[in-house]
Amino acid sequence: LDKKNKKNIFNGNILEIEGLPDLTCEQAFELSDASAERSAAGCTIKLNKEPIIEYLESNISLLKWMIKEGYNDKNSIQRRINKMEEWIKNPILLEADPDAKYKEILEINLDEIKEPILCAPNDPDDAVLLSEVCGEVIDEVFIGSCMTNIGHFRAAGHLLKKHNGTKARLWVVPPTKMDEKQLIEEGIYNIFGVSGARTEVPGCSLCMGNQARVLANSTVVSTSTRNFPNRLGDGANVFLASAELSAISAVLGKLPTVDEYHKYMADINPLSDKIYRYLNFNELENYVASANSAEIPAINIVNP
């Protein structure tokens with residue numbers, strides 16, 4: 001895109017995404033997070049009831065664990081639990097009106113996408129196909145930010161374990177402490193350590209350049225949401241890409257060809273059910289045990 005006089009057509013508008021009803025809520029969050037980077041006023045993603053129920057059941061276990069751990073305010077947490085349980089018993093979703101009129105309708109045929117799409121330095125609007133930029137030497141790779149989930153770190157760990165380290169400097173920053181704890185328990189952090197990856201405190205970290213920065217004038221592949229000049233490092237040229245493509249780039253020290261990308265993904269795809277297993281707290285023994293033994297507080301309702 002021409003970088004001058006651009007108009008952001010998403011600015012101030014509410015996006016409604018349909019056509020991907022079986023995404024997990026974690027996957028849907030990646031799209032809604034990305035919409036914020038387009039300055040949209042809001043974003044909804046139409047899902048089936050099943051992934052929403054799965055997510056709420058997980059949250060109920062987490063909230064019961066929070067009560068057990070002494071989080072305040074217990075009454076507020078319990079009210080939230082009650083509302084979730086009520087909805088699960090009678091799940092009703094918002095639907096667009098049949099005659100709804102939209103400012104614009106954008107249709108994307110995912111069957112036509114045969115290779116990864118990146119954003120080229122240093123503009124998140126400058127989308128390019130991998131085949132247009134493959135072979136570019138990469139100095140540093142960042143896997144983290146709100147655009148990642150625990151499955152992405154398992155995928156990266158699987159690649160690093162098989163291919164013995166990286167040729168590009170790799171930064172690893174899970175978005176939450178709970179992700180970090182689970183990855184440590186699964187031994188993924190040990191793989192990161194052996195591979196020479198640098199881990200930072202969970203959170204935004206490098207995507208904001210507020211805890212550490214890449215080397216000046218380096219070429220970087222990042223999973224973060226923005227790649228504006230000097231954001232990750234002084235004079236750094238930053239590509240935005242998926243976590244999987246980022247991990248492959250770290251192993252190779254360059255952006256792979258499309259064939260190389262598919263070759264490495266052939267190691268991940270057969271294990272996708274195991275790798276992309278999200279933090280369902282109702283299936284984690286520690287949280288289930290705490291939730292089952294949580295003392296349910298009485299809720300006092302006071303008339304105003």
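Does Thr24 count as buried or exposed? Thr24 counts as buried because its relative accessibility is 15%, where buried means under 20% relative accessible area, exposed over 50% and partly exposed in between (1.4 Å probe, protein chains only). This is a predicted model, in which local features need pLDDT of at least 70 and side-chain atom pairs count only at pLDDT 80 or more, while totals for chains, interfaces and linings use all residues. Residues are numbered from 1 along each chain as its sequence is written, and side-chain values use heavy atoms, with hydrogens and water left out.

Colour by confidence before going further. The pLDDT, which is the predictor's confidence in each residue from 0 to 100, has a mean of 89 over the protein, and 93% of the residues reach 70 or more. Confidence is highest in helix H4 (residues 130-133), at a mean of 98, and lowest in helix H11 (residues 285-292), at 71. Helices (H or I, at least four residues) and strands (E, at least two) are DSSP runs, numbered from the N terminus.

Return to Thr24, which lies in the loop between E1 and H1. Leaving aside neighbours within four places in sequence, Thr24 is in contact (heavy atoms within 4.5 Å) with Pro51 and Tyr278.

Next, select helix H1, residues 25-37. The end C-alpha atoms of H1 are 19 Å apart, which agrees with the 18 Å that its 13 residues should span at 1.5 Å a residue, the expected span being 1.5 Å times one less than the number of residues. The buried residues of H1 are Cys25, Glu26, Ala28, Glu30, Ser32, Ser35 and Glu37, and what covers them includes strand E1 (14-17), strand E2 (42-45), helix H2 (49-68) and helix H5 (150-163). Just after H1, Ser39 takes a positive phi of about 65°.

Select H5 together with helix H6 (residues 177-185). The axes of H5 and H6 come within 10 Å and cross at roughly 35°, where axes are lines fitted to C-alpha atoms, for helices over the stretch in contact, and angles run from 0 to 180 degrees between N-to-C directions. The contact is made by Ile150, Phe153 and Arg154 of H5 and by Asp179, Gln182 and Leu183 of H6. By class, this contact of H5 with H6 has three nonpolar, one polar and two charged residues; Ala, Val, Leu, Ile, Met, Phe, Trp, Tyr, Cys and Pro count as nonpolar, Asp, Glu, Lys and Arg as charged, and the others, Gly among them, as polar.

Helix H8 (residues 243-252) is mostly covered, with 10 of its 10 residues buried. H8 is followed by Gly253, whose phi is positive, near 75°.

The last selections concern the backbone. Most residues other than glycine have a negative phi, and most peptide bonds are trans. Ser145, in the loop between strand E5 (140-144) and H5, has a positive phi of about 85° although it is not a glycine, and with 2% relative accessibility Ser145 counts as buried. Asn217, found in the loop between strand E7 (198-199) and strand E8 (219-222), has a positive phi of about 65°, but Asn217 is exposed, with a relative accessible area of 60%. Finally, the peptide bond from Asn72 to Asp73 is cis, with omega near -5°, and a cis peptide bond also joins Pro121 and Asn122, where omega is about -20°.
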